[in-house]
Amino acid sequence: MADEKELRYEPAEIEPKWQERWAADASLYAAEPVNCGKPKYYVLEMLPYPSGQLHMGHVRNYSIGDALARSKWMQGYNVLHPMGWDAFGLPAENAALKNNTPPREWTLSNIAAMKRQMLRLGLGYDWATEVTTCLPEYYRWNQWFFLRMYERGLAYRKKSKVNWCRECATVLANEQVVNGCCWRHEDVIVEQRDLVQWFFRITQYAEELLEGLDKLEGWPEKVRTMQRNWIGRSEGTEVDFSLDEDRGQKIRVFTTRVDTIFGATSVQLAPEHPLTVELCAKSAELKKKVDALLEEQKKAREAGDVGAIEKHGVATGYFAVNPYNDEKVPIWVANYILMDYGTGAIMSVPAHDERDFEFATKYGLEVRRVIAPLTPSEDAEVLPFISEEGRLVNSDEYDGMNCEDAQKKLQAVAAAEKFGEAKTTYRLKDWGVSRQRYWGTPIPMLYCEKMCEGDGLVPVPDAELPVLLPPQIEITQQGGSPLSRVAEFVNAKCPKCGGPARRETDTMDTFVDSSWYFYRYTDAKNSKKPFEPAVAQYWFPIDQYIGGVEHAILHLIYSRYWTKVMRDLGLIKNDEPATRLFTQGMVIKDGAKMSKSKGNVVSPDDMVARYGADATRMYSLFAAPPDRDLDWQEDGVAGVSRFLGRVWRLVTKYAKDARGAKGERGDVAGVELKLLRKLHQTIAKITQDFEGRWHFNTCIAAIMELVNEIQGADAQLAAGEVRPVVMRELLSSLVLLLAPFAPFLSAELWEELGGEGAVLRQSWPKSDAQLAAEDEIEIPVSVNGKLVTVLKVAAGSDAKAIEAAALGDEKVKARVEGKTIAKVIVVPGRAVNIVAK
Ligand SMILES: [Zn+2]
Ligand SMILES: [Zn+2]
């Protein structure tokens with residue numbers, strides 16, 4: 001049709017026009033003051049690393065958050081929807097090495113490029129609150145927090161075994177080691193090195209971090225489970241065995257099953273246990289064997305799987321004495337016992353532990369049953385017998401006790417006789433935050449040469465913050481911290497004695513930056529404090545946080561820790577940063593993660609240039625439920641773009657009628673009722689979905705159905721069977737429903753319809769339940785259990801009427817012809833079943 005061709009949807013014209021208008025209105029997406037009287041809603045997407053290019057995963061993440069923010073604005077909330085940049089990190093240094101661009105310049109130009117992309121996508125961020133973590137106005141507060149933690153003993157230095165990535169040329173936190181490899185270098189095996197490092201005492205909050213998970217009902221269960229496992233709480237008992245040759249020397253073991261201690265037939269030490277080292281000093285032969293075990297352990301650790309190590313051990317020839325019965329058991333050293341887990345020593349109970357059984361069988365150690373089943377069975381006869389329940393046997397005076405009581409009793413005896421105690425251990429270790437890199441927050445500590453304070457460590461006074469990163473330095477990846485080669489940085493004056501001092505040259509892990517950035521958004525310009533507590537208190541906790549599940553452990557555990565520390569500093573009152581967390585699925589292509597090496601990367605810029613920002617965003621919400629992976633199909637984007645074209649043509653075609661409409665619609669019937677019913681059903685569905693289900697794909701499908709229904713009535717519309725006042729309701733509601741998903745087109749069509757003010761300032765449409773109610777319902781009818789037909793009956797029909805309608809149906813009549821109807825079962829509103837013989 002000729003006029004259809006003239007009416008072409010041109011996102012390339014519509015979108016830049018609105019982008020410009022929105023950019024000119026700073027108040028459009030701005031959070032209102034805390035006393036504005038509206039309920040608050042803080043919606044946040046995880047801030048990106050400024051690589052220079054948004055990828056489709058970003059587009060999806062931000063489209064979800066933006067749709068939610070827009071719906072909340074329209075529902076009358078005071079919305080905080082900020083964006084920032086996780087701007088420190090190694091890629092900036094690598095880029096500097098490669099192209100000789102200073103990290104700061106590289107980072108800031110990447111930020112500018114990505115911000116342009118975000119604006120082009122029409123994402124509604126409050127840029128007045130933008131946070132860039134590599135700028136001194138932000139990282140000075142990292143330093144300030146570091147000093148507060150140092151004062152409280154939450155930041156400390158110690159020599160320890162650390163994870164070292166040779167590609168990153170720096171230390172990694174435990175959380176950054178994935179399957180034994182670097183989280184940034186999937187094929188680089190992480191080595192173990194001994195270094196003096198700064199740590200944050202996250203373990204002090206281990207119990208609270210664990211307990212808090214129970215209350216985070218708005219978080220995905222999988223994230224909570226991952227955190228629980230990472231924290232890894234286990235309750236047990238520490239018991240001192242003594243060395244037979246020198247009864248004063250104790251070997252402390254940790255066990256979760258002290259009730260099995262009479263079945264302990266050896267004590268096993270880690271290769272690095274102090275006693276092992278001591279015994280090795282007396283025997284070159286033992287030392288040689290232990291060194292081999294240590295080497296195996298190191299390899300297994302580097303491969304990330306000590307659990308799967310082939311178990312080896314050596315007998316030391318020495319004996320340990322069980323404090324409960326004075327029994328002597330041999331002391332072994334084993335390659336699977338880790339010095340940094342528990343006490344680095346265990347008691348081995350082969351009869352009731354898989355691993356111990358395997359080891360004992362291999363080396364011919366005694367296997368002695370000490371737990372009998374509560375009810376005898378053949379299975380229970382087989383060793384190892386692994387069960388939390390049972391009765392003690394071969395355990396002296398404890399025989400006959402059940403496991404739980406025995407544990408309590410044995411713990412009490414250990415405590416009373418001072419050879420042990422109840423103990424809770426955690427897998428969680430303190431957070432190592434030192435990095436031997438340049439592009440990070442300098443650690444605000446000094447080493448006084450005169451050692452004027454006990455250990456020579458002197459904190460930088462608050463008044464001297466920030467400790468600035470020197471702007472331009474030579475970056476290499478050799479020889480430790482790049483800052484250590486910058487004399488002007490290193491050489492300082494001791495603030496205590498005025499003598500010469502050396503600055504700490506390690507920088508902080510970049511996960512420090514992202515641990516509290518979302519608080520800074522609430523008061524991003526504050527130069528006196530990290531943020532104003534009263535303002536943060538208004539906005540916190542975050543109502544909805546959205547990001548990838550890959551952050552389940554790292555960022556999401558660190559930021560929970562930081563929140564608890566800030567609470568204990570008196571800065572905030574909330575215990576947790578976010579009430580609800582949503583983890584969106586990945587965007588993949590042809591079944592695989594998008595990556596340059598696979599050549600399957602889809603560029604958001606290309607999609608926007610070809611189909612427009614609205615179609616790109618809307619497709620990323622339409623193609624899959626937001627929590628599932630999305631396989632990117634360009635056909636699909638083209639389809640969404642065609643749909644938006646249909647909406648545009650529909651609205652522009654009838655806009656003139658609708659614009660001129662006056663008055664109330666009054667009663668409706670016929671086609672008007674049919675279309676309004678569909679409209680109000682759609683409003684109800686989408687409104688409900690925004691409350692938390694977030695199946696935006698089905699929301700968009702519902703809008704498509706609505707548009708189909710209106711277009712399907714084209715002949716009646718053309719014949720004037722729908723009054724302008726109804727047309728106005730249909731079209732303006734349609735435009736408002738589309739606003740969270742396709743903001744540019746909505747703005748354009750809202751103006752076309754003569755709407756006043758920004759779409760964002762309009763009230764979200766309200767569903768009229770009476771109009772939405774169906775007046776006919778469908779009821780399946782079966783004969784002898786086989787579906788024959790689906791009846792349409794008036795909603796609310798009684799059983800008698802439904803039975804009559806079913807028996808009067810032609811298809812039913814044909815099916816029962818020549819038979820006797822024995823029974824008609826009617827479930828009103830649901831189904832009819834006819835039994836005929
Ligand atoms: Zn690495
Ligand atoms: Zn000094």
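These legends accompany an overview and several close-up views of a predicted model.

**Figure 1. The whole protein chain, to get our bearings.**
Along the principal axes, the C-alpha atoms fill a box of roughly 105 × 85 × 50 Å. Of the 837 residues, 54% are buried.

**Figure 2**

**Figure 3. Strand β5 and its two antiparallel partners.**
Strand β5 (residues 155-165) pairs with β9 (residues 191-200) through ten bridges, and the two run antiparallel. To find your place in this pairing, look for R157, whose bridge partner in β9 is W198. Strand β6 (residues 170-172) also runs antiparallel to β5, joined to it by three bridges; here W164 has V171 of β6 as its bridge partner. Four residues separate the strands in the hairpin of β5 and β6, and A169 takes a positive phi near 55° there.

**Figure 4. A β-α-β unit built from β26, α17 and β27.**
Follow the chain from strand β26 (residues 544-548) through helix α17 (residues 554-568) to β27, and you trace a right-handed β-α-β unit. The strands β26 and β27 run parallel and share four bridges, with I546 standing opposite F582 of β27. Which way do the side chains of β27 (residues 581-584) point? L581 and T583 point one way, while F582 and Q584 point the other way; all of these are buried.

**Figure 5. Helices α20 and α25 packed together.**
The axes of α20 (residues 634-659) and α25 (residues 743-752) come within 9 Å and cross at roughly 20°. Angles under 35 degrees count as roughly parallel, so α20 and α25 are roughly parallel to each other. Their crossing is right-handed. On the α20 side, the contact is made by L644, V647, W648, V651, T652, A655 and R659; α25 contributes L745, E748, L749 and E752.

Note on methods
Residues are numbered from 1 along each chain as its sequence is written. Chains are lettered from A and ligands numbered from 1 in the order in which they are written. This is a predicted model: local features need pLDDT of at least 70, side-chain atom pairs count only at pLDDT 80 or more; totals for chains, interfaces and linings use all residues. Side-chain values use heavy atoms; hydrogens and water are left out. Buried means under 20% relative accessible area, exposed over 50%, partly exposed in between (1.4 Å probe, protein chains only). Two strands pair if DSSP finds at least two bridges between them. A crossover is right-handed if, with the strands pointing away from the viewer, the path from the first strand over the helix to the second runs clockwise. Axes are lines fitted to C-alpha atoms, for helices over the stretch in contact, and angles run from 0 to 180 degrees between N-to-C directions. Angles under 35 degrees count as roughly parallel, over 145 as roughly antiparallel, 65 to 115 as roughly perpendicular and the rest as oblique. A crossing is left-handed if the near helix is turned anticlockwise from the far one by less than a right angle, and right-handed if clockwise. Contact means heavy atoms within 4.5 Å.
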